[in-house]
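Biologist: Could you take me through this model, please? I would like to begin with the overall fold.

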Amino acid sequence: MLKKIIAVAVVTGLWAGTANAAGTVDTKALMMEGKGLIKGFATELVGELKKGMKAGGPIAAIGVCNIKAMPITDKHTAEASGWTIKRSSHKLRNTDNQPDTFEARAIKELLARQANGEKAKDMAVTMVTIEDGKKTFRMVKAIPTGKPCLACHGSDIKPEVAAKLDSLYPNDKARGFKMGEMRGIFSLKKEL
Ligand code: HEC
């Protein structure tokens, strides 16, 4: 019963302690803009991943992700005026991608929705909040696990790939995902 009440509260965006400050903000336009930014970011990440896989399989691609994922993230934030863009997850590989309070709540909501049958590829959360006294638009979109992701995030990772991941990420939690499952999130925010 308690679980049910919590689920209803989060789906409607009424998180305890979270100010809903939407007012006259055009959240639809912000969402459209955010979606475009996610597309550009995801395309570049997947492009680099594919290049790495082509050049030397998953081992080489891990090296590429390790060196390039964060600089690509920072570049997309720098280029998107006013927006901050990042990735996070409930099962992190790179601990620099730690979720903040909003993201942790959004991840919890999305996992609950997934457990209720929603598909990761269709799930998102948006909210206008007050952060540090400023009206802020927040948007989180679930990232589904696709087939090519399984080589490094699945449950049947080749031993040599696992060894490379172990050496670079001794606290890696980002394994054991199944096709279609939520691997993590894209998270965007903009001060209004
Ligand atoms: C070749 C191995 C490899 C493949 C394939 C791969 N990843 Fe990753 N993934 C990594 C590595 C390495 C990192 C950590 C990058 C870093 O150091 O910032 C990572 C990080 C992430 C993160 C950031 C959150 C975290 O845990 O740090 C997400 C989200 C993610 N991957 C999703 C995916 C998705 C979705 C796919 C499939 C489209 C995919 N990955 C395919 C190796 C891979």
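Modeller: The protein's secondary structure consists of five helices and four strands. Helices (H or I, at least four residues) and strands (E, at least two) are DSSP runs, numbered from the N terminus. The order of elements from the N terminus is α-α-β-α-β-β-α-α-β.

Biologist: What should I know about the source and the numbering?

Modeller: This is a predicted model, in which local features need pLDDT of at least 70 and side-chain atom pairs count only at pLDDT 80 or more, while totals for chains, interfaces and linings use all residues. Residues are numbered from 1 along each chain as its sequence is written, and side-chain values use heavy atoms, with hydrogens and water left out.

Biologist: What percentage of the protein counts as buried?

Modeller: Of its 192 residues, 36% count as buried. Buried means under 20% relative accessible area, exposed means over 50%, and partly exposed lies in between (1.4 Å probe, protein chains only).

Biologist: On to the ligand. Which residues are closest to the ligand?

Modeller: The closest are Arg-93, Cys-149, Cys-152, His-153 and Tyr-169, within a shell of 22 residues that surround the ligand.

Biologist: How do the shell residues divide into nonpolar, polar and charged?

Modeller: The shell has 14 nonpolar, four polar and four charged residues. Here Ala, Val, Leu, Ile, Met, Phe, Trp, Tyr, Cys and Pro count as nonpolar, Asp, Glu, Lys and Arg as charged, and the others, Gly among them, as polar.

Biologist: Which protein atoms lie close to oxygen atoms of the ligand?

Modeller: Among them is a polar side-chain atom of Tyr-169, 2.5 Å from an oxygen atom of the ligand. A side-chain N or O atom of Arg-183 lies 2.7 Å from a ligand oxygen. For Arg-93, a backbone N or O atom is 2.7 Å from an oxygen atom of the ligand.

Biologist: And what of the space taken by the ligand?

Modeller: That space is the largest pocket. On a 1 Å grid over the protein atoms alone, a pocket is an open set of points where a 1.4 Å probe fits, with protein on both sides within 12 Å along at least five of seven lines. A molecule sits in a pocket if more than half of its atoms lie within 2 Å of its grid points.

Biologist: Changing topic: how many residues does the largest nonpolar core have?

Modeller: It has 16 residues, and those with the most contacts inside it are Phe-41, Trp-83, Phe-137, Phe-186 and Leu-188. The elements that give two or more residues to this core are α2, β1 (83-88), β3 and β4 (182-191). Helix α2 gives the most, six residues. Such a core is a set of buried Ala, Val, Leu, Ile, Met, Phe, Trp, Tyr and Cys residues joined through side-chain atoms within 4.5 Å.

Biologist: Where does Thr-145 lie, and is it buried or exposed?

Modeller: Thr-145 lies in the loop between β3 and α4. Thr-145 is buried because its relative accessible area is 3%. A polar atom of the Thr-145 side chain is 2.7 Å from the backbone oxygen of Glu-181.

Biologist: What about Lys-75?

Modeller: Lys-75 is in helix α2 and is partly exposed, with a relative accessible area of 34%. Its side chain makes a polar contact with the side chain of Glu-44 at 2.9 Å. A polar contact is a pair of N or O atoms within 3.5 Å; within protein, one must be able to donate a hydrogen and the other to accept it, and residues adjacent in sequence count only if both atoms are side-chain atoms.

Biologist: Finally, where is Asp-132 found, and what is its phi?

Modeller: Asp-132 is found in the loop between β2 (124-131) and β3, and its phi is near 50°, a positive value in a residue other than glycine. Most residues other than glycine have a negative phi. Asp-132 counts as exposed, at 79% relative accessibility.

Notes:
Near = heavy atom within 4 Å. 1 Å grid on protein atoms, 1.4 Å probe; cavity = no way out; pocket = protein on both sides within 12 Å on 5 of 7 lines; lining within 4 Å.
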